[in-house]
Amino acid sequence: MKIALVQINPVLGDFPANCQKMIDYAGEAYIKGCKLVVFPELAISGYPPQDLLERQSFVRDHEKAKVALINSLPAIDVMFGCIEQRIGGGGKPLYNSAVVVRNGEVVFKAHKQLLPSYDVFDETRYFEPGSPSELYELDGHFFGVSVCEDVWHHEVHDYTVDPLAEIHNKANEQGVKLSGMINISASPFQRDKEDTRRSIFKRYCNDYETPFLYCNQVGGQDSLIFDGRSLAMDQKGEVVAQSLGFAEDMVIVDTDNWRGDMHAQVDPPTISTVYDALVLGVRDYVTKCGFKSAVIGLSGGIDSALTAALAVAALGKENVLGVAMPSPYSSRESLEDARQLAANLDCSFEIIPIAPLFDQFKESLSPLFADFEHDLTEQNLQARIRGNLLMALSNKFGHLLLTTGNKSEMAVGYCTLYGDMSGGLAVISDVPKQLVYELSRFVNIAREIIPERIIEKPPSAELKPDQLDQDDLPPYEILDAILELYLEEGKGITEIIDLGYAEAVVHDIIHRVRINEYKRKQAPMGLKVTTKAFGCGRRYPTTQRYRG
């Protein structure tokens with residue numbers, strides 16, 4: 001029996017377009033002789049709908065779209081994720097469900113049992129957990145059906161229910177052997193997550209000697225990036241079908257011999273997956289929000305260079321404008337590097353010197369600043385002038401302004417509010433500085449796109465004479481290591497010091513992280529690629545006095 005796994009890239013709330021994709025792919029699966037086609041979690045609406053689920057109009061329109069979809073599908077079984085209204089008082093009004101449609105009728109339902117409420121997830125806000133589902137039967141074959149988090153029972157230790165074990169118990173009670181476990185998902189990407197997923201799936205296959213089929217959403221949705229990479233494993237946990245990463249795709253697996261399409265390598269290099277994730281994240285955020293083009297301030301530094309390379313890969317060279325805005329402290333080399341980068345990318349490039357504007361600001365402020373030395377205020381003025389110029393270009397020409405700050409800078413506040421933080425999308429705000437270098441070298445694998453001098457020269461904001469980042473910050477390899485321990489692993493100051501890091505350095509870094517929370521609250525949305533990004537998955541108070 002042939003089963004198709006189809007990962008689609010939905011636009012949240014675009015019910016007609018999302019359903020049409022499902023109809024088209026289901027028709028293709030039918031032509032190819034499949035008996036079942038599987039789509040991801042909440043495929044009709046896209047994931048995550050968040051507080052749209054609290055709008056009755058959204059739920060009603062979703063139901064109308066579902067009815068129309070059911071009546072338009074071909075004559076094979078079609079499994080997809082959807083919202084279902086719950087009957088009865090008490091509890092939440094909705095289920096996160098998987099349904100199977102056969103000949104215009106819903107013949108199977110399973111409600112998601114484990115509702116995540118950690119990191120970026122908040123499903124208990126909207127959904128009621130389901131009860132153990134029945135078995136899904138097709139042509140004498142029995143399958144278990146689970147929804148995303150239901151398979152993460154052993155990985156997330158908060159759960160007391162094991163949905164997969166319950167399904168197997170039900171199969172044992174009925175005296176049947178499962179032909180496979182199907183999991184429909186909307187599982188966001190993060191660096192190295194694929195290893196964790198495959199480990200979970202393989203453990204299931206080995207424990208139950210049962211094949212596993214996984215269908216995941218693909219595409220960017222605000223900060224989240226969904227990588228797809230749907231797959232099928234045989235009962236030994238060997239991958240027998242593998243879809244592409246970061247693109248819509250359909251793979252077919254034959255359950256008679258557990259062989260299927262291999263559209264991508266099973267274990268791609270981590271650096272390539274992060275790069276692909278960022279490119280997809282930029283493309284989908286820009287286009288799904290109704291923009292066609294982007295503008296970027298090119299400083300001649302590595303962060304803006306990487307951001308520009310990602311933008312050109314995502315949007316095309318004709319849709320990216322790079323702008324150099326040299327100040328009195330900008331080096332000749334930086335302007336040359338920015339120009340060369342734009343030439344290598346073959347994107348539009350403009351130069352707007354800011355020295356005259358900077359002089360006018362200083363003159364206007366001189367009556368109040370006359371008795372004070374130049375300090376951080378004048379440095380920030382330059383960044384804010386640049387931010388205003390870039391926003392003017394964004395307003396006039398309809399470009400989305402992409403900010404260029406990395407995670408290391410965002411963590412310690414090495415960025416200017418209303419200056420280099422101005423914009424619509426913070427592309428690399430979850431990319432630590434050391435990873436910026438790795439990605440930049442990856443960009444240059446085939447040919448030099450980012451000039452080597454940009455990669456090799458010491459980082460500098462160039463906002464005062466002879467300025468270097470490392471005059472104010474520890475070396476980035478130390479800074480990034482401490483930040484990863486504190487932000488991603490959740491270790492406290494004492495634990496980090498005990499690992500051998502200098503006490504004064506640790507205290508200084510954590511102090512900076514804490515006092516700059518207010519900046520990050522006002523920062524543009526960023527793309528999530530690590531286990532703990534600034535933004536929706538990190539909920540820390542700005543006003544607090546904890547120092548650990």
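Predicted model: local features only at pLDDT ≥ 70, side-chain atom pairs only at ≥ 80, totals over all residues.
Reader: Where does N183 sit?

Author: N183 lies in strand β8, which spans residues 180–185.

Reader: Is N183 buried or exposed, and why?

Author: Buried means under 20% relative accessible area. N183 has 0% relative accessibility, so N183 counts as buried.

Reader: Which residues does N183 touch, leaving aside those within four places in sequence?

Author: Contact means heavy atoms within 4.5 Å. With those neighbours left aside, N183 is in contact with S146, V147, C148, V151, F212, L213, Y214 and C215.

Reader: Which side chains make polar contacts with the side chain of N183?

Author: S146 is one of them, at 3.0 Å. The side chain of S185 is another, at 2.5 Å.

Reader: How far apart are N183 and V218 in sequence and in space?

Author: In sequence, 35 residues separate N183 and V218. In space, the C-alpha to C-alpha distance is 15 Å.

Reader: Now for K519. Which helix holds K519?

Author: Helix α16, residues 517–521.

Reader: What is the nearest side chain of opposite charge to K519?

Author: A salt bridge needs a side-chain nitrogen of Lys or Arg within 4 Å of a carboxyl oxygen of Asp or Glu. For K519, the nearest side chain of opposite charge is D420, 7.3 Å away. K519 is buried and has no salt bridge.

Reader: Which backbone oxygen does the side chain of K519 reach?

Author: That of G413, at 2.9 Å.

Key. Residues numbered from 1 in each chain as written. Heavy atoms only, no water. Helix = DSSP H or I, 4+ residues; strand = E, 2+ residues; numbered from the N terminus. Buried < 20%, exposed > 50% of the residue type's maximum accessible area, 1.4 Å probe, protein only. Lys, Arg positive; Asp, Glu negative; His and termini not counted. Polar contact = N/O pair within 3.5 Å; in protein donor to acceptor, adjacent residues only side chain to side chain.
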